[in-house]
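This report describes the ligand surroundings, selected helix packing and local backbone features of one protein model. The sequence and structure are shown below.

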Amino acid sequence: MSAIAAYYNDKSILITGATGFVGKVLMEKLFRTSPDLKVIYILVRPKSGQTLKQRVFSILNSELFSKVREIYPNVGEKIRAIYADLSKDDFGISKEDMEELLSCTNIIFHCAATVRFEDPLKYAVQLNVVATQKLLLMASQMPKLEAFIHLSTAFSNCNLKHIDEVVYPCPGEPKKIINAMEWLDDAIIKEITPKLIGDRPNTYIYSKALGETVVQEEGGKLNIAIVRPSIISSTWQEPFPGWIDNVNGPGELIIATGKGLLQLLTVGPMTVVDLIPVDTVANLILAAGWYTAVHRPKTMLIYHSTSGQLNPCYCKKMALQVMATLEKTPFEKAFRRPCTVFTTNTIAKQFWKAVSHRIPAIIYDFYLRLTGRKPRIVKLMNRTLNAFSKLEYFISQHWEWSINNTEMLMSQMSPEDQRVFNFDVRQLNWLQYIENYVLGLKKHLLKEDMAGIPEAKQHLRRLRNINYIFNTVIFLIAWRLLIARSQMARNVWFFICSLYNL
Ligand SMILES: CCCCCCCCCCCCCCCCCCCCCC(=O)SCCNC(=O)CCNC(=O)[C@H](O)C(C)(C)COP(=O)(O)OP(=O)(O)OC[C@H]1O[C@@H](n2cnc3c(N)ncnc32)[C@H](O)[C@@H]1OP(=O)(O)O
Ligand SMILES: NC(=O)C1=CN([C@@H]2O[C@H](COP(=O)(O)OP(=O)(O)OC[C@H]3O[C@@H](n4cnc5c(N)ncnc54)[C@H](OP(=O)(O)O)[C@@H]3O)[C@@H](O)[C@H]2O)C=CC1
């Protein structure tokens with residue numbers, strides 16, 4: 001049997017962020033590989049009108065958990081959902097629940113965070129720094145705790161080009177920043193945010209960097225490791241290829257492309273996009289948890305969960321595969337036919353944004369207004385272009401992450417563990433993966449039925465014909481205006497007519 005799977009059997013595991021993208025995949029894998037684990041405590045808040053129970057129920061009944069339900073129909077009995085809001089003091093956890101957590105927990109996986117790039121700094125610090133600090137304090141009171149795994153991001157030091165497996169000094173001491181966030185006025189915080197975050201691109205990245213410093217400084221005698229994933233994308237293999245349920249990162253761009261909203265990619269052909277499948281991240285987290293608890297390294301280890309060093313995914317190749325998949329299995333009700341212009345030129349970029357994005361959106365909304373419907377495309381287009389401009393930072397540059405600890409961890413695992421908890425991205429076929437990713441977005445996120453593909457293709461054919469007619473009309477109008485105004489254009493026109501005896 002796998003030593004890692006055996007390690008988690010009989011353990012009480014605390015997961016924060018278990019309702020999130022990574023947390024769900026982590027929990028699913030734990031149940032599948034270590035069905036004899038004692039309990040998984042999850043810290044959950046009620047959300048979107050759902051109680052804790054309803055939230056857990058909908059996760060366990062989702063497609064992601066279909067394999068778990070087969071092998072383990074009573075899986076719900078092993079989950080203990082505890083009310084907690086990490087933005088509150090003491091997380092709002094009841095006294096009894098806190099006592100149980102403190103006395104029973106063996107391992108903590110801290111995945112919860114706010115991942116929105118531009119949350120107000122105060123909120124980002126509250127969630128990604130202060131909550132981490134409080135969780136560390138809780139952990140220090142857990143007599144049975146064997147390991148604490150903190151999830152950060154490979155981009156926490158994206159102000160550097162080569163990133164080692166160390167915690168780098170961050171602008172601003174966490175304690176001072178936390179303090180300042182408590183008493184400064186929101187308007188003043190907003191004003192000083194760009195100065196505070198310095199050369200980091202947004203409040204998310206900055207707060208994750210501060211979070212790492214807190215883990216290092218306040219982890220005390222705890223057995224801690226940090227896992228830093230890069231751009232987390234759909235599942236590669238487990239529980240099945242292509243599972244994804246959120247639009248973060250590339251998902252948003254792929255959907256916008258498939259729906260015909262985005263027709264621009266501002267990358268060079270050899271730009272590497274550092275994708276890492278979510279099941280690979282979960283496997284590395286579980287392996288790191290096992291290693292930290294069993295081998296107790298003397299210093300806190302940082303593991304980079306990245307792909308670029310071992311098996312780079314080139315952006316252009318990825319984009320072409322996205323387009324090829326969209327050709328075979330188009331998304332429904334597209335605004336325009338998917339198509340992509342590659343450019344790294346700033347002027348060309350602005351031109352394409354205006355000509356092939358904003359103007360068609362305005363025209364379409366005008367048409368919606370004329371036909372008595374509510375205009376919506378301009379708003380959607382603005383949102384898409386805004387999201388694109390925020391994500392662009394991460395595809396227009398190149399980073400290198402050292403992976404010594406990750407490779408060391410792999411070498412410490414038995415062949416069976418390497419198979420069950422596979423995080424070796426060298427085995428990944430990007431073209432196949434991207435195809436499954438696009439299909440996964442269509443199926444699991446957009447909830448589009450494969451039976452609707454002929455209709456979607458028909459819709460795209462109609463759009464192509466409309467496009468031809470539109471371009472022809474524009475050309476004829478432009479030519480007519482030119483002939484009316486320019487003698488030279490008139491001469492060319494007469495010359496062409498004489499050639500064909502018109
Ligand atoms: C040739 C083919 C081409 C193929 C093309 C594909 C090729 C791909 C090439 C390679 C690609 C690589 C990509 C790199 C990605 C890098 C990721 C870096 C990872 C860094 C590592 C990390 O560790 S990162 C953790 C992940 N973290 C995120 O990745 C959050 C991002 N994201 C946000 O941070 C916020 O999203 C952001 C954007 C600020 C906006 O923020 P924002 O506040 O301006 O906008 P909101 O999102 O709030 O939405 C405002 C309003 O839009 C409404 N709305 C929302 N979605 C809507 C929808 N789909 N349709 C209609 N409406 C929608 C919403 O309901 C609101 O409506 P209302 O205003 O009425 O309420
Ligand atoms: N996705 C990515 O590309 C990357 C992510 N990471 C890191 O991985 C980790 C997980 O990210 P991911 O799963 O994608 O993020 P998600 O946004 O999908 O999940 C975030 C989780 O945190 C929980 N959470 C947020 N605020 C609170 C709160 N106030 N109280 C209780 N719980 C809260 C959410 O709960 P709720 O469901 O109630 O909102 C959710 O379970 C994060 O630490 C992130 O920084 C690192 C690199 C890349």
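## Basis of the report

A residue is counted as near a molecule if one of its heavy atoms lies within 4 Å of it. The model is predicted, so local features need pLDDT of at least 70 and side-chain atom pairs count only at pLDDT 80 or more, while totals for chains, interfaces and linings use all residues. Residues are numbered from 1 along each chain as its sequence is written, chains are lettered from A and ligands numbered from 1 in the order in which they are written, and side-chain values use heavy atoms, with hydrogens and water left out.

## Surroundings of ligand 1

Ligand 1 has 30 residues around it, of which Arg 116, Phe 117, Tyr 204, Gly 249 and Arg 383 come nearest. Polar contacts are pairs of N or O atoms within 3.5 Å; within protein, one atom must be able to donate a hydrogen and the other to accept it, and residues adjacent in sequence count only if both atoms are side-chain atoms. An N or O atom in the side chain of Tyr 204 is 2.5 Å from an oxygen atom of ligand 1. For Phe 117, a backbone N or O atom lies 2.8 Å from an oxygen atom of the ligand, and a polar side-chain atom of Asn 386 lies 3.0 Å from an oxygen atom of ligand 1. On its own, ligand 1 has 1,500 Å² of accessible area, and the protein covers 71% of this; such areas come from the Shrake-Rupley method with a 1.4 Å probe, and for residues only the protein chains shown count as cover.

Helices H10 (250-258), H12 (315-328) and H14 (377-392) are the elements that give two or more residues to this shell. Helices (H or I, at least four residues) and strands (E, at least two) are DSSP runs numbered from the N terminus. H14 provides the largest share, 7 residues. By class, the shell around ligand 1 divides into 19 nonpolar, 7 polar and 4 charged residues. Here Ala, Val, Leu, Ile, Met, Phe, Trp, Tyr, Cys and Pro count as nonpolar, Asp, Glu, Lys and Arg as charged, and the others, Gly among them, as polar.

## Surroundings of ligand 2

Ligand 2 is surrounded by 26 residues, the closest being Thr 19, Arg 45, Lys 47, Arg 55 and Tyr 204. Backbone N or O atoms lie 3.0 Å from an oxygen atom of ligand 2 at Val 22, 3.2 Å at Ile 232 and 3.3 Å at Gly 17. The protein buries 90% of the 890 Å² that ligand 2 exposes when taken alone.

At least two residues of this shell come from each of helix H2 (21-33) and helix H9 (203-218). The shell around ligand 2 contains 13 nonpolar, 8 polar and 5 charged residues.

## Helix packing

Axes are lines fitted to C-alpha atoms, for helices over the stretch in contact, and angles run from 0 to 180 degrees between N-to-C directions. The axes of H10 and H14 come within 10 Å and cross at roughly 140°. H10 is therefore oblique to H14; angles under 35 degrees count as roughly parallel, over 145 as roughly antiparallel, 65 to 115 as roughly perpendicular and the rest as oblique.

Helices H18 (residues 453-485) and H19 (residues 487-499) pack at an angle of about 115°, with their axes 5 Å apart. H18 and H19 are therefore roughly perpendicular to each other.

## Local backbone features

Glu 238 and Pro 239 are joined by a cis peptide bond, with omega about -10°. Pro 239 is located in the loop between strand S8 (231-233) and H10.

Asp 10 is not a glycine, yet has a positive phi of about 75°. Asp 10 lies in the loop between helix H1 (3-8) and strand S1 (12-16).
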